[in-house]
Amino acid sequence: MSGVSLLKETGPREVFCGLTSIVWLHRRMPDAFFLVVGSRTCAHLIQSAAGVMIFAEPRFGTAILEERDLAGLADAHEELDRVVNDLLARRPEIRTLFLVGSCPSEVIKLDLARVAERLNGALKGRVRVLNYSGSGIETTFTQGEDGALKALIPLMPPTKETQLLLVGTLANAVEDRLTNLFKRIGIQKVFSFPPRQSTDLPAIGPGTKVLLTQPYLTETARALKDRGAEIIQAPFPLGVEGSQLWMEAAARSFKVKDSLVKETLEPLILRANKALIPYKNQLAGKRIFLLPESQIEIPLARFLQRECGMELVEVGTPYLNREMMQAELELLPNNTQIMEGQHVEKQLDRVRQQQPDLVVCGMGLANPLEAEGISTKWSIELVFSPIHGIDQAADLAELFSRPLHRHDLLNQKQLVHV
Ligand code: SF4
């Protein structure tokens with residue numbers, strides 16, 4: 001058992017809500033549409049997080065609950081049916097419609113499961129309607145993906161075939177590279193969830209071995225297990241070491257010879273370690289503080305400490321699933337301070353007291369910290385960027401060296417002006 005120190009705190013939070021994950025989910029499944037049932041604030045969040053699409057029809061929208069709906073004066077169900085019917089008439093290419101709950105829909109206790117059931121009856125299979133919550137009362141930003149994937153699981157057909165299922169959204173190019181590597185070591189049946197088309201769902205059953213690509217899919221992993229799948233325990237595929245251990249765990253589970261795995265990965269590892277050197281030179285010895293936001297913090301901390309030589313001041317995570325994170329925790333140095341949950345004021349006090357070289361945090365905290373002279377990295381950028389796999393290790397390190405480099409340049413400029 002690792003000697004990390006696990007602490008917990010609760011208090012005021014400063015994290016994006018689960019609606020944010022629509023930004024990467026709608027790119028992954030272009031035949032799906034995400035209809036947020038929320039307020040103008042929710043619409044504003046999604047628009048600003050995703051940027052306004054000028055040339056393409058967006059694949060997300062908001063059914064606005066007006067004040068009279070919130071006061072319970074109007075029948076929100078009727079209004080929602082009207083919005084959905086208009087949308088589907090205008091957009092016949094939509095195959096899966098996600099109704100995404102928000103704080104306002106939860107406050108008025110709008111039962112989206114019942115709405116989805118009614119619409120499924122009326123649409124007779126032409127479009128599948130699902131629901132999940134992205135509300136900030138219940139979720140942080142990566143949990144939206146967990147909810148969306150869990151909602152798809154009942155639609156996955158059954159199978160008894162032996163197969164590998166990669167679970168969690170990956171950039172398409174990264175997914176292709178990883179799938180190809182598994183095929184090279186003899187694992188031929190490799191599927192991904194979520195798929196590239198929402199209707200192209202992989203089958204699931206007792207022969208399925210699940211390899212998680214993202215650490216925030218607790219509910220999805222549980223539901224896949226309930227369908228008979230086995231979850232392969234491994235660190236997550238971030239950095240050279242994490243990605244190697246991740247692939248080796250899958251290989252062991254499929255009884256692939258160690259020598260074949262070694263021979264396949266060795267050239268990649270050599271190349272990646274070489275590409276890491278300049279970033280390692282910049283990052284080694286620097287002190288990093290990770291505030292809780294994405295649930296990717298622990299694998300990132302492991303990569304930054306073990307492969308880049310950074311010193312971990314504190315590693316925050318909104319939630320800690322100890323079983324899923326066990327392999328990661330074992331790789332962290334003894335006495336690493338892991339803080340589950342958030343009390344934003346106390347955490348900021350600790351940041352100011354510790355004066356780290358770099359803070360990983362949400363966008364809302366980045367500007368004030370930068371104004372105080374502390375370099376920051378937005379957590380959300382790490383979810384949007386293709387950072388998985390051995391080949392991506394240097395790109396991942398670069399994301400952390402960039403703000404430090406910018407900080408150095410700004411300091412030099414100030415010195416010249418003095
Ligand atoms: S779901 Fe809640 S936290 Fe998220 S944008 Fe809407 S009101 Fe804000």
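Student: In this predicted model, is the crossing of α7 and α9 left-handed or right-handed?
Tutor: The axes of helix α7 (residues 143-152) and helix α9 (residues 218-226) come within 7 Å and cross at roughly 20°. That angle makes α7 roughly parallel to α9. As for its hand, the crossing of α7 and α9 is left-handed.

Student: How many charged residues does the contact of α7 with α9 have?
Tutor: On the α7 side, the residues are D146, L149 and K150, and they meet T218, E219, T220 and A223 in α9. By class, this contact has 2 nonpolar and 2 polar residues, and its charged residues number 3.

Student: Are α10 and α11 roughly parallel or roughly antiparallel to each other?
Tutor: The axes of helix α10 (residues 239-253) and helix α11 (residues 258-283) come within 11 Å. They cross at roughly 170°, and angles over 145 degrees count as roughly antiparallel. The two helices, α10 and α11, are therefore roughly antiparallel.

Student: How many nonpolar residues does the contact of α10 with α11 have?
Tutor: Helix α10 contributes V240, Q244, M247, E248 and A251, while α11 contributes V261, L265, I269, A272 and N273. By class, the contact of α10 with α11 has 1 charged and 2 polar residues, and its nonpolar residues number 7.

Student: Which element gives the largest share of the side of domain 2 that touches domain 3?
Tutor: The chain is divided into domain 1 (18-139), domain 2 (163-259) and domain 3 (273-417). In the contact between the latter two, 23 residues of domain 2 meet 27 residues of domain 3. The elements that give two or more residues to the domain 2 side are α8 (172-184), α9 and α10. The largest share, 6 residues, comes from α10.

Student: How far apart do the C-alpha centres of domain 2 and domain 3 lie?
Tutor: The side of domain 2 that touches domain 3 has 14 nonpolar, 7 polar and 2 charged residues. The distance between the C-alpha centres of domain 2 and domain 3 is 26 Å.

Student: Which helix gives the most residues to the shell around the ligand?
Tutor: The ligand is surrounded by C17, L19, G38, S39, T41, C42, L45, S102, C103, G134, S135 and G136. By class, this shell has 5 nonpolar, 7 polar and no charged residues. With 3 residues, the helix that gives the most is α2 (residues 40-50).

Student: Which two residues are joined by a cis peptide bond?
Tutor: The proline concerned, P194, has its place in the loop between β7 (190-193) and β8 (208-212). Omega is about 10°, and the residues joined by this cis bond are F193 and P194.

Key: Residues numbered from 1 in each chain as written. Predicted model: local features only at pLDDT ≥ 70, side-chain atom pairs only at ≥ 80, totals over all residues. Near = placed C-beta within 6 Å. Helix = DSSP H or I, 4+ residues; strand = E, 2+ residues; numbered from the N terminus. Nonpolar A, V, L, I, M, F, W, Y, C, P; charged D, E, K, R; others polar. Axes fitted to C-alpha atoms, helices over the stretch in contact; angles between N-to-C directions. Parallel < 35°, antiparallel > 145°, perpendicular 65-115°, else oblique. Left-handed = near helix turned anticlockwise from the far one by under 90°. Contact = placed C-beta atoms within 7 Å. Domains from an automatic or database assignment.
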